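I would ask you to look at the structure with me while I describe how two of its parts are arranged, and then the chain as a whole.

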Amino acid sequence: SVMVLGCNLAGLFLYGKKYPWQVPAHKQQKPPSRLHMVLESLQLCGVLLVGFATGLFGWSFLAFAGAASEYALIFLLFLVGIQLRNSGMTLRQILINRRGMLVSLIVVVTSLLGGALAALIAGLPVKTGMALSSGFGWYSLSGILLTDAFGPVLGSVGFFNDLAREIAAIMLIPLLINRHRAAALGLGGATTMDFTLPVLQRSGGVAIVPAAIVHGFVLSLFAPVLIALFT
């Protein structure tokens, strides 16, 4: 996780420095204070941890949580779509976004590099390390595919690596979004199309949503292909 996210951030910082992400003044939101952003990140992480602890009890009435969270996410995306249309954005602007495409390609390359370096440090085959780094945050997919390919130990490594990305994104997006917009977007990986999209939209405004959707969509396409290739 450290190697993959470290390589991601290094590549995205360099990209952001060479090609600054200029946001039109009318689309910018007044950034909250740093203390507020830290507290918001801790609040999101706290909710995640409380939910995890609650799930350990295995109460029968919580069996609806999986379906309920999916419907809640669909409803949130529906509201984001309404907000995009109300802000005057066209479907072409949302689906064909150059910035989102470039950031996603940087994430792919730097993730594979980080996975290869981590494999060398851990004494694993390079191809295995690259497979473990190809989930891009899609832990529900990578955990299953990597377990089938390498067994439960490395499968759980891949699952943890992608879960760690999601948790890191929740914590760091509000802190990075104003000065390092590309890094904040790339950190979320494939989840920028769904799970971390509300966090990005709330922290960076509606202007970042088209890039986030394209970025998450591209990485969601790459993930199963690369995992299959390296396994």
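This is a predicted model: local features need pLDDT of at least 70, side-chain atom pairs count only at pLDDT 80 or more; totals for chains, interfaces and linings use all residues.

Please find helix α7, residues 139-150, and helix α8, residues 152-176. These two helices pack at an angle of about 160°, and their axes lie 7 Å apart. Because angles over 145 degrees count as roughly antiparallel, α7 is roughly antiparallel to α8. The crossing of α7 and α8 is right-handed.

Which residues bring the two helices into contact? On the α7 side they are Tyr139, Ser142, Gly143, Leu146, Thr147 and Phe150. Their partners in α8 are Pro152, Leu154, Gly155, Gly158, Phe159, Asp162, Leu163 and Glu166.

Let me now turn to the whole chain. How many helices and strands does the chain have? Its secondary structure amounts to 11 helices and zero strands, and the pattern along the sequence accordingly reads α-α-α-α-α-α-α-α-α-α-α.

The chain has 231 residues, of which 43% count as buried. Consider next the contacts between residues at least 6 apart in sequence: 76% of them join residues at least 24 apart.

Finally, the surface. The chain exposes about 12,600 Å², and carbon and sulfur atoms supply 72% of that area.

Conventions. Residues are numbered from 1 along each chain as its sequence is written. Side-chain values use heavy atoms; hydrogens and water are left out. Axes are lines fitted to C-alpha atoms, for helices over the stretch in contact, and angles run from 0 to 180 degrees between N-to-C directions. Helices (H or I, at least four residues) and strands (E, at least two) are DSSP runs, numbered from the N terminus. Angles under 35 degrees count as roughly parallel, over 145 as roughly antiparallel, 65 to 115 as roughly perpendicular and the rest as oblique. A crossing is left-handed if the near helix is turned anticlockwise from the far one by less than a right angle, and right-handed if clockwise. Contact means heavy atoms within 4.5 Å. Buried means under 20% relative accessible area, exposed over 50%, partly exposed in between (1.4 Å probe, protein chains only). Accessible areas come from the Shrake-Rupley method with a 1.4 Å probe; for residues, only the protein chains shown count as cover.
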